[in-house]
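Hi,

Here is the structure I said I would pass on.

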Amino acid sequence: MTKRAATVAVLCGSVLAGCADTTIVDGTRWVSGLVEQIRGSQYGERTLILLVYDEGGGYFDHVAPPPTSSVDGEPYGTRVPFLAIGPFAHRNHIAHTTLE
């Protein structure tokens with residue numbers, strides 16, 4: 001039996017970060033629409049959606065970052081959201097691991 005690597009699609013949108021003439025509500029609607037389209041499709045039961053932001057925009061983090069990284073001694077930046085959505089994600093799980 002031949003094993004195949006998973007198919008990966010990357011979607012990028014300036015609406016995610018509230019860039020240009022968009023708002024956080026626009027970004028939330030855009031993401032929600034995409035998630036619902038995928039979940040309602042023939043691929044929904046075997047798709048893991050990983051939602052990653054490139055920066056927090058000042059909207060998400062209420063906790064100051066640790067002062068320095070144990071990896072390189074440099075200061076951390078602000079935390080950014082990373083969401084796993086789909087049947088392979090742990091339901092109602094929040095990870096508290098500090099990563100570089």
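The side chains of Ser 69 and Asp 72 are joined by a polar contact of 3.5 Å. This is a predicted model, by the way, so please read every distance here as computed from predicted coordinates. Where is Ser 69 found? It belongs to the loop between strand 1 and strand 2.

As for the overall layout, the chain has 1 helix and 2 strands, and from the N terminus on they run α-β-β. Of the 100 residues in the chain, 12% are buried. If you care about contact order, take the contacts between residues at least 6 apart in sequence: 51% of them join residues at least 24 apart.

Now helix 1. It covers residues 24-39, 16 residues in total, and its first and last C-alpha atoms are 22 Å apart, close to the 22 Å expected at 1.5 Å a residue. Which residues of helix 1 are buried? They are Gly 27, Val 31 and Val 35. Looking down the axis of helix 1, these buried residues fall within an arc of 60°, so they line one face of the helix. Arg 29 and Gln 37, on the other side of helix 1, are exposed. The buried residues of the helix pack against strand 1 (49-52) and strand 2 (82-85).

That brings me to the largest nonpolar core, which has 5 residues. Val 31 and Val 35 are in it, together with Ile 49, Leu 51 and Tyr 53. Helix 1 and strand 1 supply at least two residues each.

Last, the charges. How many salt bridges does the structure hold? The count is 1, and it pairs the side chains of Glu 36 and Arg 39 at 3.9 Å, N to O. Side chains of opposite charge can pair when their charged atoms come close. Here Glu 36 and Arg 39 are 3 residues apart in helix 1, so about one helical turn separates them. Arg 39 itself counts as exposed because its relative accessibility is 52%, where the cut-off is over 50%.

Cheers

Notes
Residues numbered from 1 in each chain as written. Predicted model: local features only at pLDDT ≥ 70, side-chain atom pairs only at ≥ 80, totals over all residues. Heavy atoms only, no water. Helix = DSSP H or I, 4+ residues; strand = E, 2+ residues; numbered from the N terminus. Expected span 1.5 Å × (residues − 1). Buried < 20%, exposed > 50% of the residue type's maximum accessible area, 1.4 Å probe, protein only. Arc of directions from axis to C-beta. Contact = heavy atoms within 4.5 Å. Core = buried A, V, L, I, M, F, W, Y, C linked by side-chain atoms within 4.5 Å. Polar contact = N/O pair within 3.5 Å; in protein donor to acceptor, adjacent residues only side chain to side chain. Salt bridge = Lys/Arg side-chain N within 4 Å of Asp/Glu carboxyl O.
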